[in-house]
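Reader: Hello! I am new to this and would like to learn how to read a structure, one feature at a time. Could you walk me through one?

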Amino acid sequence: MSLRTFASVGRRTAALAIITAAIAAWLLLPIWPAAWTDAQIETLSSLWIGSLESLPPDPSNAVAENSAAASFGQQLFFDTRLSANGAISCATCHQPERRFTDGLPKGQAIGTSGRNTSSIVGVAYSPWLYWDGRRDSLWSQALSPLEDSNEHGSDRTHIVAVVATDPSYSSIYESLFGAAPGSPDSHSVDRTFANIGKAIAAYERLLMPGPSRFDRYVEAVVARDEQSQKEIFSDDEVFGLQLFIGEANCTQCHNGPLLSNHEFHNTGVIAFAGEVPDKGRVVGVRDVLEDPFNCLGDYSDGSDCAELIFARTGSELIGAMRTPSLRNLENTGPFMHKGQIETLAQVLQHYNEAPPAMIGHNEAQPLDLSGRELRQLEVFLRTLAAPLATADQWLRPPPVNVEENSGDQAGGNASGDSILTTVSL
Ligand code: HEC
Ligand code: HEC
């Protein structure tokens, strides 16, 4: 055998070995997703939007279910007169077309907010508001941006004056709350301010997530309809879902039909260079206990404040943020409490590495997933996107004056759903 022939045989053997190794590696990977077990089907059903219970009442807000209050709240949500410069409304940052976020790392209005603008879709289910949970009701939360120097930059005296001097606002206010806004009797500035928050909260309670492709897939799984399962989800999406509820352990925190446990966790998200790490819930819990507009305060309409009374405290809350819902990932980036992570792929890379937290302790463990598995998780997460379950009329500035809607509809609806069908603007 000449040297040349010998070299060519060697090359062929090497090529064969590489091909064999590649086939072997490929065979080790599952080609088709395994069938769902009963236990997995139970988990899937718990994530299904159909398992979302109807919105619990908010006893601290007497107008929470009131459709006239929701219409008034919608007006206020889009009203720039409430701001110091006449140019900012809640919708400046919570833009309906971006699922009530703004596409920025941090909210931007009169100044720059401290954190990333949260989507408010479905947030009425959460006992705590803000990334650090420093408010305990939608209505008490709504008061904070109005007086935040970076957001509306206004103050309660100005806000109450806007409502008191706009004839349609003051008339609907009076019909809802039984006295003129800011009147010398019991409707002091603080009480009127709290009531304005309650109307905004009644509006926000209508913003609900709708069924996604994922939810249709779960229905097909529960019905054991394999044909529909194949039509609804690609194999990669099924693999991604298997990882999500299995090896990647995402459902430890992202569980229930909103894909959030509404609890606080430290997941080791790194602060921007030059910024002090965010202390998160450990400060948030202190703030909510001191808030004069909390459930135990003078302006609350109810007395069931168990969540607040038994709020968890402790050093494990250092750097902990509230688990966000994952039903809102299209068009809502950048992600995390300060918008530190730009893309979903980078979020998954973060979980794969699970770096040590800058303060406190990262509860998530490194995952060691392959690039292919991370892509499968990402395509699965995108199947959770869906339009809101809320009628379009609520997703834009109200076209007509509140006055036309006032009065006759005051008096409470049993559920958000009935409000959607009974009010026509
Ligand atoms: C400058 C932009 C900006 C404006 C204006 C603004 N927000 Fe926000 N909003 C934010 C940011 C940023 C956060 C998160 C802040 C944090 O957690 O510390 C937030 C959080 C919230 C939350 C909590 C969501 C959750 O998941 O916990 C609600 C509800 C909310 N805003 C409603 C409103 C309402 C109602 C108004 C008007 C009265 C308003 N916002 C005005 C930027 C804004
Ligand atoms: C230990 C609880 C926990 C686990 C486990 C967990 N998450 Fe999270 N997730 C959170 C918390 C808390 C945040 C907010 C963290 C922050 O901003 O600092 C978050 C944020 C996110 C975000 C950003 C959402 C947004 O609107 O900014 C995505 C996407 C996400 N998680 C997906 C996942 C996936 C996928 C997995 C599984 C690989 C996972 N999470 C595992 C608690 C957890």
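Author: Gladly. Let us begin with how elements get their names: helices, H or I with at least four residues, and strands, E with at least two, are DSSP runs numbered from the N terminus. Proline 334, for instance, is placed in the loop between β2 (321-322) and α14. Keep in mind that this is a predicted model.

Reader: How many helices and strands does the protein chain have?

Author: There are 16 helices and two strands in the protein chain. Of its 425 residues, 42% are buried. Among contacts with a separation of 6 or more, 73% join residues 24 or more positions apart.

Reader: You mentioned proline 334. What is the peptide bond from glycine 333 to proline 334 like, cis or trans?

Author: First the general idea: most peptide bonds are trans, and most residues other than glycine have a negative phi. The bond from glycine 333 to proline 334 is cis, with omega near -5°.

Reader: Which residues other than glycine have a positive phi?

Author: Two to look at are phenylalanine 100, with a phi of about 65°, and tyrosine 130, where phi is near 85°. Phenylalanine 100 sits in the loop between α4 and α5, and tyrosine 130 is in the loop between α4 and α5 too. Phenylalanine 100 counts as buried because it has 24 C-beta neighbours inside 10 Å. Tyrosine 130 is buried as well, with 21 other C-beta atoms within 10 Å.

Reader: And glutamate 363: is it buried or partly exposed?

Author: Glutamate 363 has 16 C-beta neighbours inside 10 Å, so it counts as partly exposed. You will find it in the loop between α14 (344-353) and α15 (371-382). Leaving out residues up to four places away in sequence, glutamate 363 touches His265, Asn266 and Thr267.

Reader: How many residues of α3 are buried?

Author: Eleven of its eleven residues are buried, so α3 is mostly covered.

Reader: Which residues of the largest nonpolar core touch the most other members?

Author: In that core of 56 residues, they are Ala69, Leu176, Ala199, Ile200 and Ala202. Helices that each supply at least two residues include α3, α7 (167-177) and α12 (281-290). The most comes from α8, with eight residues.

Reader: Last, the ligands. Which residues come nearest to ligand 1?

Author: Of the 28 residues around ligand 1, Cys90, Cys93, Gly107, Ala109 and Pro145 come nearest. Helix α5 gives the most to this shell, with five residues. The shell around ligand 1 has 15 nonpolar, ten polar and three charged residues.

Methods
Residues numbered from 1 in each chain as written. Chains lettered and ligands numbered in written order. Predicted model: local features only at pLDDT ≥ 70, side-chain atom pairs only at ≥ 80, totals over all residues. Core = buried A, V, L, I, M, F, W, Y, C linked by C-beta atoms within 7 Å. Buried ≥ 20, exposed ≤ 12 C-beta atoms within 10 Å, placed from the backbone. Near = placed C-beta within 6 Å. Nonpolar A, V, L, I, M, F, W, Y, C, P; charged D, E, K, R; others polar. Contact = placed C-beta atoms within 7 Å.
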